[in-house]
Amino acid sequence: MPDPIRITTADLQRPEVSEYVDMQSYLRRDVGAIGNQPWVLRVIYANWFYLSIAAMLGGLAGWACLEPWYDDNWSDDVPGSIDVVSFFIFPAVTASIGLFLGAAEGLMCRNLGRALRCGAVGLGVGFIGGLLVFFPTEILFGLMGQIAFGLSDDPQPGVMPTGLAFLVLAMGRGAAWAFSGIPAGMGQGIALREKKVIINGLVGGVLGGLVGGLLFDPISLVLTSADGQATYSRAVGFAAIGLFVGLFVGLVEGWTKTAWLLMRKGPLAGKQFILFKDTTILGSSPKADVYLFKDDAIEPRHAVMINRGGRFELEDCNTPDGTYVNGIPITRHVLRDGDQIVLGKTVLEFSVKESNNA
């Protein structure tokens, strides 16, 4: 009878054993436990945060484009005269918000091509939409203004009403900007030709424009100077409108999402990718829906995720390095909530709402 094999603690601690275990873990893509990202990163990568910051900057940029030519003392007493700057203020601000809002996602994902495309479409949609809504919103705000000054005890031209009259005036401005927020929020969805993103942008634009517009007149009470100049009031007001448009676009996306990928390990660790499309491409190409850069092991078209009525399948595209789910190489796999997907050195965690989890 052969002598039994005896393995000592010293044998287990040899470098060769550690190297073999590490190699097996790598081959299985067993990433082990991954800690939560710092809260600061989670906030920075939250779409409601960076979309609100981007749209706020867009509102400021729109204000800066026209403010040098804005005259608070302009009067329309001259027959046939028109305040050109006031006419273009709606399309300028909505176009600028659309530009920054459209480009934000691409910039966050380091995808310059997407940023340029969505930003350009956001700019065009915002400007044309702003022109189209100018006259309806002016009529609406004019009617609300007449009602407001009719409710005022002592209406005076150029003097802000108080009490209920002020509330009606603010509501009129909020309603006007709710319409103007529609084209500002829809650019990215139109650029991507994705219906769900268009609807999210529309709803977020309406809500954000409404809230920002409601704050516009209260801001003017604080920041309008004694001589009637409202330069800083408009700057803060347009920035607030942009901020709330971006905030609500991001919040609506979060409220309506059904499935998403969270990058747990990789260059954008902490970033969430909402799955809007029925077919989502993951790869190192900038044309991929989920752009995974800085990883030589990831192919331009590495894996495809298909939504089959709430049942998400992940399929490897015959890649040399392979696609792994929970450490196991797959050719095609039905994903479950919490599954870890490994492509190269990148780890993505799949999540789906319970009502859609097959």
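1. The second largest pocket of this predicted model is lined by 40 residues, and those that lie nearest its centre are Glu 105, Arg 114, Lys 271, Phe 273 and Ile 274. About 870 Å³ of space lies in this second largest pocket. On a 1 Å grid over the protein atoms alone, a pocket is an open set of points with protein on both sides within 12 Å along at least five of seven lines, a cavity is a set of points where a 1.4 Å probe fits but cannot get out, and lining residues have an atom within 4 Å of a point. Grid points are joined across faces, edges and corners, and a volume is the space filled by probe spheres set on the points.

2. Residues are numbered from 1 along each chain as its sequence is written, and side-chain values use heavy atoms, with hydrogens and water left out. Because the model is predicted, local features need pLDDT of at least 70 and side-chain atom pairs count only at pLDDT 80 or more, while totals for chains, interfaces and linings use all residues.

3. Several elements each supply at least two residues of the lining of the second largest pocket, namely helices H4 (47-66), H6 (112-151), H7 (163-192) and H9 (231-256), together with strands S1 (259-265), S2 (272-274) and S4 (290-291). H4 gives the most to this lining, with four residues. Helices (H or I, at least four residues) and strands (E, at least two) are DSSP runs, numbered from the N terminus. By class, the lining of the second largest pocket has 18 nonpolar, ten polar and twelve charged residues, where Ala, Val, Leu, Ile, Met, Phe, Trp, Tyr, Cys and Pro count as nonpolar, Asp, Glu, Lys and Arg as charged, and the others, Gly among them, as polar.

4. A search of the whole structure finds one cavity of 30 Å³ or more, and the largest cavity has a volume of about 80 Å³. Of the 15 residues that line the largest cavity, Leu 101, Gly 102, Gly 185, Gln 188 and Val 249 are the closest to its centre. Helix H5 (84-108), H7, helix H8 (195-223) and H9 are the elements that give two or more residues to this lining, and the largest share, six residues, comes from H7. By class, the lining of the largest cavity has six nonpolar, eight polar and one charged residues.

5. Turning to the strands, six of them form an open sheet in the order S2-S1-S11-S10-S7-S8, with antiparallel pairing; two strands pair if DSSP finds at least two bridges between them. S2 and strand S8 (328-330) stand at the edges, each with a single partner strand, so one side of each is left without a neighbour in the sheet. The twist averages 30° from one strand to the next, with axes taken as lines fitted to C-alpha atoms (for helices over the stretch in contact) and angles running from 0 to 180 degrees between N-to-C directions. Within the sheet order, strand S7 (residues 323-325) and strand S10 (residues 340-343) run antiparallel and are joined by two bridges, and Val 325 stands opposite Ile 341 in S10.

6. Glu 349 has its place in strand S11 (residues 346-352) and is buried, with a relative accessible area of 19%; buried means under 20% relative accessible area, exposed over 50%, and partly exposed in between (1.4 Å probe, protein chains only). The side chain of Glu 349 makes a polar contact with the side chain of Arg 264 (2.6 Å). A polar contact is a pair of N or O atoms within 3.5 Å; within protein, one must be able to donate a hydrogen and the other to accept it, and residues adjacent in sequence count only if both atoms are side-chain atoms.

7. Strand S5 (residues 303-308) and strand S6 (residues 311-316) pair in the antiparallel sense over six bridges, and Asn 307 stands opposite Phe 312 in S6. Their hairpin has two residues between the strands, and in it Gly 309 takes a positive phi near 65°. S6 also pairs with strand S9 (residues 332-334), in the antiparallel sense over three bridges, with Glu 313 opposite Val 334 in S9.

8. Most residues other than glycine have a negative phi. Asn 318, in the loop between S6 and S7, has a positive phi near 55° and is exposed, with a relative accessible area of 74%. Asn 326, in the loop between S7 and S8, also has a positive phi near 55°, and at 43% relative accessibility Asn 326 counts as partly exposed.
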